[in-house]
Amino acid sequence: MALDAEIRAQLTQYLQLMEGDVQIKVSAGSDAVSQDMLALVDEIVSLSSKITVERAELSRTPSFSVNRAGEDTGIVFAGIPLGHEFTSLVLALLQASGRPPKVEQDLIDQIKGIRGEYRFETYVSLSCHNCPDVVQALNIMSVLNAGISHTMIDGAAYKDEVESKNVMAVPSVYLNGEFFGSGRMSLEEILAKLGTAPDASELAGKDPFDVLVIGGGPSGASAAIYAARKGIRTGIVAERFGGQVMDTMGIENFISVKYTEGPKLVASLEEHVKEYGIDVMKLQRAKRLEKKELIEVELESGAVLKSKAVIVSTGARWRNVGVPGEAEFKNKGVAYCPHCDGPLFTGKDVAVIGGGNSGIEAAIDLAGIVKHVTVLEFMPELKADAVLQQRLYSLPNVTVHKNVQTKEITGTDKVDGITFIDRETGAEQHVELQGVFVQIGLVPNTDWLGDTVERSRFGEIVVDRHGATNVPGVFAAGDCTNSAYKQIIISMGSGATAALGAFDYLIRN
Ligand SMILES: Cc1cc2nc3c(=O)[nH]c(=O)nc-3n(C[C@H](O)[C@H](O)[C@H](O)COP(=O)(O)OP(=O)(O)OC[C@H]3O[C@@H](n4cnc5c(N)ncnc54)[C@H](O)[C@@H]3O)c2cc1C
């Protein structure tokens, strides 16, 4: 396997950053994947005198481990880490060579303080953009702590394992053989799941803020930066910093940046937020807001934060169909990310629920991988753009059912079919299939506010042109509001508006 010239040139440059020697141990057989893997390893070795290779017998073949000279790090790649995992390979080589990972010192201390044996295994697909974060976080943990090991397993190269473990969503992480979690997880989230994160009740003793932002997506980050630039005490409480942008692949409409990717944009947002000494409280979920003398925000940990003004920017999440089987078979055939989980359904039959742009884009993408796609649209017509519909109808392996209501996703331990009703005739139909991709839009994350703040019938917070809600001192921005359009640049603009509105409120009160 020859790397293309551009990747080879980039890799050569990165490998010059290596600090010490690295030893790759390869477990290969005579199969095609083994041969491709050997070719890749040989090519990498040829690019740096600091890397050596030796044959070994690892627990999976084909696989290879990336080690410090004379000491195993515990990092193993089972399969060929190209596609989205290529960066994970490059980082593993650099970190195994002694180059420090780019993470905060308190996280490094938490990782080093973990005691015991932790054998992580992560099933990925090479087209999954959520997987590298998890792989890279667990690789960092392996490099920093001798008790921790991590194997990335390419589901396409280990189909039998994937089948026998019923892995139907990636990334799927196992710890010491037991299911640990699936979907994108940051290093902080993994550590919190292991119980090593600092106690959230430490937050309770904080002094009141001038502006407290709830939500760490683009609107929250923008609001916090605008507030902090006024020299006032600003905090952000965020369940998952980056919000929906973390789940976004290519972004081509963030004006002035021709192309970027979600995680890259989130890293820049975080860097920008850090410039201003904003108190960022990650992995914290707000559950109640109450206006007293100050505004109080209660977190799920029980801690209560106080602030003179609050900006709610809690964004939106995927809408569920809410039929029997959806929750039961989540990650067991019910999926929300076609880019991530599509490859796990190669050669199988799937359904896409939703005929808007995201649903039809998903159906077109999936049709290239799976055997057959059934599209179910509730309305009499598809809502997707005409050009997408034309492309869809040109595909031989797609069936479209319009004006139908999904009744149930069926299965025993995983999805085996879907039942829907023709809304005109009432006729019920059942299609046998293995996967269901739900693509029916988003719902605002505002339930936690109860009746405290006025919301529209769609649950969106009603704001005026200053971003103010009906509660004095409470502002809102981004996808959780009744703004006409939901886009990154729009949410950032509304975050700025809400922060300026909040500042105005503070100087008048
Ligand atoms: C797959 C996908 C692709 C997209 N592609 C594009 C694109 O190419 N271009 C574009 O402009 N837009 C795109 N969008 C839309 C864009 O991502 C959103 O408009 C934008 O992220 C909204 O930002 P936000 O800050 O309002 O909300 P979000 O990004 O949803 O962020 C919400 C934040 O609030 C936090 N939160 C939620 N509830 C709580 C709580 N109770 N307590 C504490 N924190 C909480 C979340 O963890 C998160 O940090 C895409 C969206 C998706 C899903």
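Val375 stands opposite Val400 in strand 21. Here strands are DSSP runs of E with at least two residues, helices are runs of H or I with at least four, and both are numbered from the N terminus. This is a predicted model, where local features need pLDDT of at least 70, side-chain atom pairs count only at pLDDT 80 or more, and totals for chains, interfaces and linings use all residues. Residues are numbered from 1 along each chain as its sequence is written.

**The open sheet**
- Strand 20 (residues 372-376) and strand 21 run parallel and are joined by 4 bridges; two strands count as paired if DSSP finds at least two bridges between them.
- Both belong to an open sheet of 5 strands, ordered 18-25-19-20-21 with parallel pairing.
- Strand 18 (334-335) and strand 21 (398-401) are at the edges with a single partner strand each, so one side of each has no neighbour in the sheet.

**A hairpin**
- Strand 14 (residues 286-291) pairs with strand 15 (residues 295-299) in the antiparallel sense, over 5 bridges.
- The hairpin between strand 14 and strand 15 passes through 3 residues.
- Ala286 has Leu299 in strand 15 as its bridge partner.

**Around the ligand**
- The ligand is surrounded by 34 residues, the closest being Gly215, Gly217, Gly243, Gly315 and Gly478.
- Helix 8 (218-228), strand 10 (234-238) and helix 13 (488-508) are the elements that each give two or more residues to this shell.
- The shell holds 12 nonpolar, 16 polar and 6 charged residues.
- Ala, Val, Leu, Ile, Met, Phe, Trp, Tyr, Cys and Pro count as nonpolar, Asp, Glu, Lys and Arg as charged, and the others, Gly among them, as polar.

Definitions and conventions
A residue is near a molecule or strand if its C-beta atom, placed from the backbone, lies within 6 Å of it.
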